[in-house]
Amino acid sequence: QVQLVESGGGLVQAGGSLRLSCTASGRTLTHGAMAWFRQAPGKEREFVGGISWGGGGTYYPPSVEGRFTIARDNASNTGYLQMASLKPDDTAVYYCAADELSFSTEEKDYDYWGQGTQVTVSS
């Protein structure tokens with residue numbers, strides 16, 4: 001089993017930046033994937049980026065392309081979501097997720113989830 005602990009959320013002004021961290025424990029990620037999703041009140045959970053842990057390949061949806069960057073640190077089993085040029089529409093609870101086998105953009109394909117961290121972008 002993998003446990004995920006998130007940190008780094010908070011309040012930021014529009015145009016600012018935040019970095020979210022997601023640390024995995026219990027098992028190391030070697031061939032799996034880590035992804036980030038967000039959920040605003042009344043909305044569906046939305047994929048905002050992911051990384052193939054072993055290969056390092058990343059994918060971002062158009063809504064965040066060019067503003068969000070995902071990186072990983074294998075030594076600490078930590079993934080990072082670097083968010084820049086933040087907009088009020090980015091306000092949501094952000095969740096990291098992990099899978100031990102492969103990358104996916106689908107929520108249903110992930111077995112492990114972080115507790116969520118609130119990101120609020122003020123205008």
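**View 1. Arg67 and Asp90.** Arginine 67 is buried, at a relative accessible area of 11%; buried means under 20% relative accessible area, exposed over 50%, and partly exposed in between (1.4 Å probe, protein chains only). Aspartate 90 is also buried, at 2%. The two side chains form a salt bridge with an N to O distance of 2.7 Å, a salt bridge being a side-chain nitrogen of Lys or Arg within 4 Å of a carboxyl oxygen of Asp or Glu. Arginine 67 sits in the loop between β6 (58-59) and β7 (68-73), and aspartate 90 in the loop between β8 (78-83) and β9 (92-99), so the pair ties together parts that are 23 residues apart in sequence. The model is predicted: local features need pLDDT of at least 70, side-chain atom pairs count only at pLDDT 80 or more, and totals for chains, interfaces and linings use all residues. Residues are numbered from 1 along each chain as its sequence is written, and side-chain values use heavy atoms, with hydrogens and water left out.

**View 2. Arg38 and Glu46.** A salt bridge joins the side chains of arginine 38 and glutamate 46, at 3.0 Å from N to O. Arginine 38 is buried, with 7% relative accessibility, whereas glutamate 46 is partly exposed, at 31%. A network of salt bridges links Arg38, Glu46, Arg67 and Asp90.

**View 3. Lys108 and Asp109.** The side chains of lysine 108 and aspartate 109 meet in a salt bridge of 3.4 Å, N to O. Lysine 108 is exposed, at 69% relative accessibility; aspartate 109 is partly exposed, at 30%. The count of salt bridges comes to four.

**View 4. The fold around these pairs.** The protein has 11 strands and zero helices; both are DSSP runs numbered from the N terminus, helices being H or I of at least four residues and strands E of at least two. The radius of gyration is 13 Å, close to the 14 Å that the globule rule gives for 123 residues, so the protein is as compact as a globular protein of that length. This radius is taken over C-alpha atoms, and the rule is 2.2 Å times the number of residues to the power 0.38. The C-alpha trace spans about 40 × 30 × 25 Å along its principal axes. Of the 123 residues, 44% count as buried. Among contacts (heavy atoms within 4.5 Å) between residues at least 6 apart in sequence, 56% join residues at least 24 apart.
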